Amino acid sequence: MNHTQQALENRPTVDDPAGADRNADIVLGAAVIAMGLLAGLYYFSSIAVMPALTAADDRTLVDAMQQMIVKIENPAFFLTLLGAPALAAVALVQARRSGQAKAAGWIIAGLVLYTVMVVITFAVHLPLNEELKEAGDPARIENLAAVRDDFVTPWVAWDIVRTLATTAAFGSLVWALVLRGRMARAEQPQPREGRR
C-alpha cells in the first residue's frame with residue numbers, strides 16, 4: 001500500500017466522530033482567535049489610542065483620526081472582522097450537529113454580541129468617520145475645535161460600548177470551547193480498575 005492510499009484511508013469521514021470533533025475544535029478555536037484579535041484591537045483603542053489623542057491638541061486628533069480611518073481599511077482587518085463571525089457560524093452548525101446544546105448556546109451569544117458591535121460601528125462610528133473625512137485638511141478647517149468636539153465625544157463613548165460587546169463575544173466563544181473540551185473528556189471511555 002502506498003502513502004496516498006494510506007492517507008485516504010486515514011482521513012476523517014462522516015463516520016469518523018473523532019475526526020469531526022477535531023475539525024470542530026479547530027474551527028471554534030480559530031473563531032476564538034479571530035474574535036480575540038477584534039476585542040484586543042478595540043480594547044487597545046479604548047485604553048490607549050483614544051485617551052492619548054483626546055489629550056492632544058485639536059489638529060493632532062483630527063489629523064491622526066483621519067489617517068487611521070483610512071489605514072484601518074486593509075485586508076488584515078477585514079479578514080478578521082468577517083472571519084470571526086463566519087468561523088463562529090460554522091462552529092455553531094458543528095455544535096448543533098454533534099448535540100452540544102450548551103456550547104451552541106454560548107456560540108449564539110457570541111454571535112449576538114458581535115452583531116451588537118457591528119450595529120454600533122455602522123450606526124455611530126462609520127457616519128462619524130465620514131463626517132471627519134469630509135471636513136478636509138485640518139490646516140484649513142475654520143472651527144477645528146467644533147469639528148473635534150462633534151466627533152470625539154460620541155465616538156469615544158460608543159467605542160467603549162463596542163469594546164465591551166466584542167470582549168463579551170470573545171468570552172462567550174472561549175466558554176463554548178471550554179464546554180466542548182469538557183464534553184469530549186466526559187465522553188471518553190473510563191479505564192476499568194484492575195482487581196486487587
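**Before you start**

The model is predicted, so local features need pLDDT of at least 70 and side-chain atom pairs count only at pLDDT 80 or more, while totals for chains, interfaces and linings use all residues. Residues are numbered from 1 along each chain as its sequence is written, and side-chain values use heavy atoms, with hydrogens and water left out.

**Stop 1: the whole chain**

Show the chain as a cartoon. You will find 6 helices and 0 strands, which run α-α-α-α-α-α from the N terminus on. Helices (H or I, at least four residues) and strands (E, at least two) are DSSP runs, numbered from the N terminus.

Now colour by accessibility. Of the 196 residues in the chain, 33% count as buried. Buried means under 20% relative accessible area, exposed means over 50%, and partly exposed is in between (1.4 Å probe, protein chains only). Accessible areas come from the Shrake-Rupley method with a 1.4 Å probe, and for residues only the protein chains shown count as cover.

Which contacts join residues at least 24 apart? Among contacts between residues at least 6 apart in sequence, 80% do. A contact means heavy atoms within 4.5 Å.

**Stop 2: the salt bridges**

Next, select the charged side chains. The count comes to 4 salt bridges, a salt bridge being a side-chain nitrogen of Lys or Arg within 4 Å of a carboxyl oxygen of Asp or Glu. Three of them are worth a visit, one at a time.

- Select Asp25 and Arg180, whose closest N and O atoms are 2.7 Å apart. This pair links distant parts of the chain, with Asp25 in helix H2 and Arg180 in helix H6, 155 residues apart. Asp25 is partly exposed at 33% relative accessibility, whereas Arg180 is buried at 6%.
- Select Arg148 and Asp58, which meet in a salt bridge at 3.2 Å, N to O. Arg148 lies in helix H6 and Asp58 in helix H3, so the pair ties together parts that are 90 residues apart in sequence. Arg148 counts as buried at 10% relative accessibility, and Asp58 counts as partly exposed at 25%.
- Select Glu130 and Lys133, whose side chains also meet in a salt bridge at 3.2 Å, N to O. They are 3 residues apart in helix H5, so about one helical turn separates them. Glu130 is partly exposed, with a relative accessible area of 37%, and Lys133 is partly exposed at 32%.

**Stop 3: the largest pocket**

Where is the centre of the largest pocket? Select Tyr42, Ile72, Phe77, Asn129 and Arg162, which lie nearest its centre among the 26 residues of the lining. About 610 Å³ of space lies in this pocket. On a 1 Å grid over the protein atoms alone, a pocket is an open set of points with protein on both sides within 12 Å along at least five of seven lines, and lining residues have an atom within 4 Å of a point. Grid points are joined across faces, edges and corners, and a volume is the space filled by probe spheres set on the points.

Then colour the lining by helix. Helix H2 (17–54), helix H3 (58–71), helix H4 (75–97), H5 and H6 each supply at least two residues. The largest share, 9 residues, comes from H5.

**Stop 4: a nonpolar patch**

Bring the surface back and select Trp106, Val174, Trp175 and Val178, which make a nonpolar surface patch of about 310 Å². Patches are made of residues with over 30% relative accessible area and no salt bridge; like charges are joined within 9 Å, and nonpolar side chains (Val, Leu, Ile, Met, Phe, Trp, Tyr) within 5 Å. H6 gives the largest share of the patch, 3 residues. Trp106 sits in helix H5 and is partly exposed at 39% relative accessibility.

**Stop 5**

Select Val156 in helix H6 (residues 144–187). What does Val156 touch? Leaving out residues up to four places away in sequence, Val156 touches Met50 and Thr54. Val156 and Thr54 are 102 residues apart in sequence and 9.2 Å apart in space, C-alpha to C-alpha. Val156 is partly exposed, with a relative accessible area of 23%.

Finally, select Leu126 in helix H5 (residues 101–134). Leu126 and Trp155 are 29 residues apart in sequence and 9.6 Å apart in space, C-alpha to C-alpha. Leu126 is partly exposed, with a relative accessible area of 33%.

Note on methods: On a 1 Å grid over the protein atoms alone, a cavity is a set of points where a 1.4 Å probe fits but cannot get out, and a pocket is an open set with protein on both sides within 12 Å along at least five of seven lines; lining residues have an atom within 4 Å of a point.
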